[in-house]
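Let's look together at how a protein holds a small molecule. Keep the picture open as you read.

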Amino acid sequence: MLLKRINGRSLQEALSKVEKECGKNALLIETLETSRGVTIIAGRQEQVLAKAKRHKPESGARPGNWTRGFAQLAEAASASGLSSTLLRAIENALIGTGVHLDRPGDPAVAGISARILKSLIKAETLGDPAYRVTAFIGATGVGKTTTLAKIAAAAVRDRDETAAIITTDTYRIAAVEQLRAFADMLGVPFEVAFTPMDLRRAIQRHSEVDRIYIDTSGNGPFDQQAIYRLSGTLQGSDPATVLCMSAASRRVDADAIFKAFSSMQIDSAIITKWDETTAPGEVLSLCIEQGMPLTQITNGQRVPEDILPACPRALAEHMIPQAKKADEASQ
Ligand SMILES: Nc1nc2c(ncn2[C@@H]2O[C@H](COP(=O)(O)OP(=O)(O)OP(=O)(O)O)[C@@H](O)[C@H]2O)c(=O)[nH]1
Ligand SMILES: [Mg+2]
């Protein structure tokens, strides 16, 4: 059983038992008050995913082949792009929570499934000190420059931080000028770095600012040379790197991009163009399966409005909307 019921006389006691049995990154699915104290339903995060990744469907079986109590949810979530690996992980983890999987209609299935999915999504915030110097990397046209602009605007206008913008994307003069105009509008310094040394020096020149955002040129997944060059450009400056991936790309293409950029250090991902697809779950699933933390979601062309922090709960409920409805109905 992937999930266990762990009892304690108090919340504190139950939580420390959970940590002992399931580790620091335990999946906490549900906390219930009982007459004897507290019961927590929890499991080991890595086990939930690892078991589903090992699962190979029997030959001839339908792709889903879900239990009757899970089939409807699985079909809806897979239409939103959620992978069968993650759905299998959720279904496996549901065993042991007491929900009915042998027949359709148990209202608890959606809520608990969303909580399991939420616990599998890692999130980080770009406001964290580790992201003081951040480079935006990714395939061509995914929205790196637009996303950088949205994030820089939020830092300067909403959080009152000081910032500088540097671009290493020197291929198109028009693109450089566009970003320069944006930096001017925001009132932050702007630099163009042609070489790794330029980049290091530009970062040093702005050692006083709170945030430095670095724009890079887009690289296709099959141009490994260009990715090595990018890696070489950034290496000496050691920025945090955020991989921008379009929600509108197919899973097979997103896998190729992820693999190609994995030759570099990637700290987190931003899913862009969430508004351009009905199946954003494909790229979301890739990030979850790879254990890649998410920082932001972008959902439109407007700067600075169309960006949201990556909230695991909201993302899980987007994939499993029945969970939100059940939650609202119970309130
Ligand atoms: N619908 C939608 N469009 C977006 C979003 N983010 C960016 N775009 C648009 O996508 C196009 C490309 O955006 P850029 O920011 O130039 O993309 P890039 O990754 O910097 O492109 P290259 O530098 O050429 O690799 C522009 O028209 C943006 O307005 C988004 O979240 N949703
Ligand atoms: Mg760009």
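The lining of the largest pocket divides into 7 nonpolar, 14 polar and 7 charged residues (Ala, Val, Leu, Ile, Met, Phe, Trp, Tyr, Cys and Pro count as nonpolar, Asp, Glu, Lys and Arg as charged, and the others, Gly among them, as polar). This is a predicted model, where local features need pLDDT of at least 70 and side-chain atom pairs count only at pLDDT 80 or more, while totals for chains, interfaces and linings use all residues. Residues are numbered from 1 along each chain as its sequence is written, chains are lettered from A and ligands numbered from 1 in the order in which they are written, and side-chain values use heavy atoms, leaving out hydrogens and water.

Which helix gives the most to the lining of the largest pocket? That is α6, with 6 residues. Among the 28 lining residues, Gly143, Lys144, Thr145, Thr146 and Thr147 lie nearest the pocket's centre.

The shell around ligand 1 holds 1 nonpolar, 10 polar and 7 charged residues; a residue is near a molecule if one of its heavy atoms lies within 4 Å of it. Helix α6 (residues 144-158) supplies the largest share of this shell, 4 residues.

Here are some polar contacts, meaning pairs of N or O atoms within 3.5 Å:

| Residue atom | Ligand 1 atom | Distance |
|---|---|---|
| Gly143, polar backbone atom | oxygen | 2.9 Å |
| Thr145, polar side-chain atom | oxygen | 2.8 Å |
| Asp275, polar side-chain atom | nitrogen | 2.7 Å |

Methods
A polar contact is a pair of N or O atoms within 3.5 Å; within protein, one must be able to donate a hydrogen and the other to accept it, and residues adjacent in sequence count only if both atoms are side-chain atoms. Helices (H or I, at least four residues) and strands (E, at least two) are DSSP runs, numbered from the N terminus. On a 1 Å grid over the protein atoms alone, a cavity is a set of points where a 1.4 Å probe fits but cannot get out, and a pocket is an open set with protein on both sides within 12 Å along at least five of seven lines; lining residues have an atom within 4 Å of a point.
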